[in-house]
Every structure is written in structure tokens, then in C-alpha cells.
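Colleague: Could you walk me through a structure and show me how to read its features as we go?

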Amino acid sequence: MTENHDGKQQGGVPGRQRKRFPGISSRAYEHPADRSALVALRKLTGFDTVFKALSGLLPERSLRLLYLSDSVRVSDAQFSHLNDMLRDACYILDLDRVPPMYVTQNPVPNAMCVGLDEPVIVLTTGLVELLDEEEMRAVIGHEVGHALSGHAVYRTVLLFLTNVALKVAWIPLGNVAVMAIVTALREWFRKSELSADRAGLLVGQDLRASMRGLMKLAGGNHLHEMNVDAFLAQADEYEKAGDLRDSVLKILNVLPRSHPFTTVRAAELKRWSESRDHQRLMDGHYPKRSEDKDASVSDSFRESAGHYAQTVRDSRDPLFKLVGDIAGGAGDLAGDLGGRLRTVFGGGAPKEPGKDTGGNTGSGSEKGSDGKPGEGSEA
């Protein structure tokens with residue numbers, strides 16, 4: 001393959017060399033909370049088959065016909081530069097089948113990956129007109145990441161199950177249960193977006209372009225008026241600013257959303273790009289798709305729980321700090337009570353530090369009446 005005069009390779013492959021990840025599993029870039037849900041769902045034998053058979057009950061066929069009839073299908077003949085990016089993204093992430101992609105007339109910048117039987121990627125004209133080539137490459141990589149993870153399947157299925165649950169909400173406390181499901185689903189959706197952002201970075205391999213794309217989604221096509229570092233500083237201020245009232249308001253603001261806030265996404269992606277996991281992945285050390293069947297559900301859930309615990313510990317949010325302090329205090333109290341109970345049931349009594357059981361100051365080496373070292377002498 002040769003290069004043309006402007007430095008780009010002929011044949012639809014970008015001139016800048018990018019690393020490829022043969023056989024990569026989506027577990028390599030998935031957020032821990034997203035990964036634990038997906039690993040568990042993949043372990044349900046026949047899950048995909050059953051719900052793909054039910055796809056006729058869902059509006060998937062209608063969506064496909066709608067995009068085919070009223071949008072522009074990306075190909076070598078139409079939006080060829082987007083088609084090159086799509087094929088390149090699938091090549092880098094080693095996707096077996098290139099999903100169809102459409103451009104639909106809508107001034108709102110957006111992109112999505114939908115469909116049960118076969119993922120379909122949709123870009124709005126607002127997004128196409130907003131982003132430059134490298135920013136768009138990251139977005140297409142984001143959507144291909146959704147396809148590789150199977151988010152299109154599981155999102156559609158879980159939304160379907162939620163709709164079924166809504167029909168039985170008349171059962172006492174049913175509405176509370178349904179809202180709990182919806183809240184959990186939205187939390188997973190938000191984490192799946194963070195996973196797809198990581199996939200977009202693996203495809204584009206240009207962190208600044210990914211940052212610019214998120215910044216444009218927040219502030220529009222005024223790049224000369226914006227600054228990536230200042231945008232990240234907003235995320236930092238958002239994460240640590242305010243008091244407990246602000247913390248509650250932040251939770252209420254994010255609960256109805258399917259996507260995290262753009263500044264938060266930018267900060268999360270930057271942190272991941274600087275992590276050891278990302279560096280190992282770029283060095284070629286990553287889980288393979290062929291190993292997915294052996295992935296442990298319990299290990300994935302432990303990793304997810306550990307991530308949330310670490311998030312609480314590291315957070316500068318006042319509410320998270322309070323939760324961490326309470327949890328730490330409860331842990332100290334439990335440890336103290338446990339020690340005292342062991343002392344009591346071990347035959348001794350609790351004592352003040354530095355005092356023996358007889359009330360004399362000592363090192364804890366005093367002997368009992370039988371001449372043997374007294375039990376329970378340690379505080």
C-alpha cells in the first residue's frame with residue numbers, strides 16, 4: 001500500500017500508524033461496573049439466542065427500514081471518509097463484521113449503536129458537521145466499542161425487560177422495585193459510555209482529539225474559544241466543590257441521565273489513559289476474546305465492588321468523604337468491639353492501654369495466680 005502526496009495511505013487506511021489489537025476482548029477496556037454486568041449476562045446460556053428470536057417483537061425491523069428509507073447509508077459511494085474510519089476502527093479492534101452505519105438528518109449532535117440481531121451505527125448530521133477527522137474517528141471507535149461489547153444487545157434486552165416490569169407495577173411496592181431496576185440500568189448505561197469512550201481512544205489513539213470531541217459536545221463548534229486544560233479543570237472543580245447540599249444535587253442531576261456529564265467523561269478518560277491498565281494494553285498485554293468464556297463472574301463483581309470502594313476513598317466530594325469517614329469509623333468500631341469480645345470470651349477483661357489486669361502499670365507480662373502468664377493481658 002502506497003502513500004499519496006498529502007501523506008495519507010491509499011486504500012482508505014489512515015497514514016498515521018496506529019496500533020492494532022488482534023483478538024482483543026472488550027473486557028480489556030470495559031469499566032469494572034460495566035464488565036461485571038456483561039460477564040454475568042454472557043454466562044446465561046442461551047440468553048442471546050432467546051432474545052434475538054424475540055427481536056421481531058421489538059421495533060428493530062422498523063428502525064432498520066426507517067434508516068434505510070430516510071437516512072444515508074455510509075459506503076464507498078456515500079460519506080466515503082466516514083466509511084474509511086469505520087473500517088479502520090473495526091480493523092484496529094479486530095471486529096469480525098463491519099456494522100452498517102447511517103447518517104441521519106438531525107441538528108442535535110449524537111451517535112448511537114442500536115439493534116439486537118445486528119448492530120447498526122447512526123450518526124446525526126449535527127455531529128458530522130461538528131467534529132474534525134480525528135474527533136470523529138474517536139466517536140466511531142466509541143460506537144464500534146459498543147458493538148464489540150454487545151451493549152446494543154444487552155441494552156435493548158434490558159430495556160425490554162424494564163418495559164415488561166412496568167406492566168406489573170400495580171403490584172404492591174411494584175413501582176419502588178421498578179424504579180430500583182431503572183436506576184440500576186441507568187447507572188450501568190452511564191458506565192457503558194465510559195467503556196465506549198475508552199474504545200474510542202484505542203481506535204483514535206489521540207487523547208487530545210477525544211478531549212476536543214467531548215468539549216465540542218458541551219460547548220459547540222467554537223474550539224478557538226475553548227481550552228482542553230480549562231475544560232478538565234471544570235471537571236476537577238465539579239468533583240470537589242460544594243457542600244453536602246451540592247453533593248445531593250449532583251446525584252439528583254445525574255440519576256435521570258443515560259450518559260455521564262461531558263466534563264466527567266473527559267476527566268475519567270484522561271485518568272484511564274494515564275493508568276497502568278491502559279499502558280499494558282498499548283504494550284500488547286490484554287485479555288483475548290477467546291478467553292471470555294472462562295471469565296469469572298465473582299472476580300468481575302469483586303473488581304467492580306473494589307472500584308466503587310476506591311472511588312469513595314479517593315473522592316473529594318463532601319458526601320463521598322462523609323460516607324468514607326462513616327465507613328472507616330464503623331470499621332474501627334467493629335474492630336474495637338471484636339477485640340473486646342475476643343478478650344471477654346477468651347477469659348479476660350478489657351483494660352486500659354498500658355495497664356495489666358490487676359490495675360498495675362506493666363508490660364503485660366505479669367503472671368497469674370497459677371504462675372502462668374495471665375490470659376487476656378493485651379489491650
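This is a predicted model: local features need pLDDT of at least 70, side-chain atom pairs count only at pLDDT 80 or more; totals for chains, interfaces and linings use all residues.

Colleague: Where do R212 and D132 sit in the chain?

Modeller: R212 belongs to helix 9 (residues 207–219), while D132 is in the loop between helix 5 (125–130) and helix 6 (133–149). That's a link between distant parts of the chain, 80 residues apart.

Colleague: And is D132 buried, exposed or partly exposed?

Modeller: Go by relative accessible area: under 20% is buried, over 50% is exposed, and partly exposed is in between. D132 comes out at 31%, so it counts as partly exposed.

Colleague: Which side chain meets E135 in a salt bridge?

Modeller: R212 again, at 2.8 Å from N to O. E135 lies in helix 6 and R212 in helix 9, so this pair ties together parts 77 residues apart in sequence.

Colleague: How many salt bridges turn up in the whole structure?

Modeller: The search finds 17. One of them is R289 with D96, whose closest N and O atoms are 3.8 Å apart. This pair also links distant parts of the chain, 193 residues apart: R289 is in the loop between helix 13 (276–282) and helix 14 (297–314), and D96 is in the loop between helix 4 (80–92) and strand 2 (101–104). As for cover, R289 is partly exposed at 24%, whereas D96 is exposed at 74%.

Colleague: Now helices. How do I check the length of helix 12?

Modeller: Compare the expected span with the distance between the end C-alpha atoms. Helix 12 has twelve residues and should span 16 Å at 1.5 Å a residue; its ends are 16 Å apart, which agrees.

Colleague: Why call helix 12 largely enclosed?

Modeller: Because nine of its twelve residues are buried. Among them are V264, L269 and W272.

Colleague: Which residues form a nonpolar patch on the surface?

Modeller: V248, L249, I251, L252 and L255, with about 400 Å² of accessible area together. L255 is in the loop between helix 11 (244–254) and helix 12 (262–273), and at 32% relative accessible area L255 is partly exposed.

Definitions and conventions
Residues are numbered from 1 along each chain as its sequence is written. Side-chain values use heavy atoms; hydrogens and water are left out. Patches are made of residues with over 30% relative accessible area and no salt bridge: like charges are joined within 9 Å, nonpolar side chains (Val, Leu, Ile, Met, Phe, Trp, Tyr) within 5 Å. Accessible areas come from the Shrake-Rupley method with a 1.4 Å probe; for residues, only the protein chains shown count as cover. A salt bridge is a side-chain nitrogen of Lys or Arg within 4 Å of a carboxyl oxygen of Asp or Glu. Helices (H or I, at least four residues) and strands (E, at least two) are DSSP runs, numbered from the N terminus. Buried means under 20% relative accessible area, exposed over 50%, partly exposed in between (1.4 Å probe, protein chains only). The expected span of a helix is 1.5 Å times one less than its number of residues.
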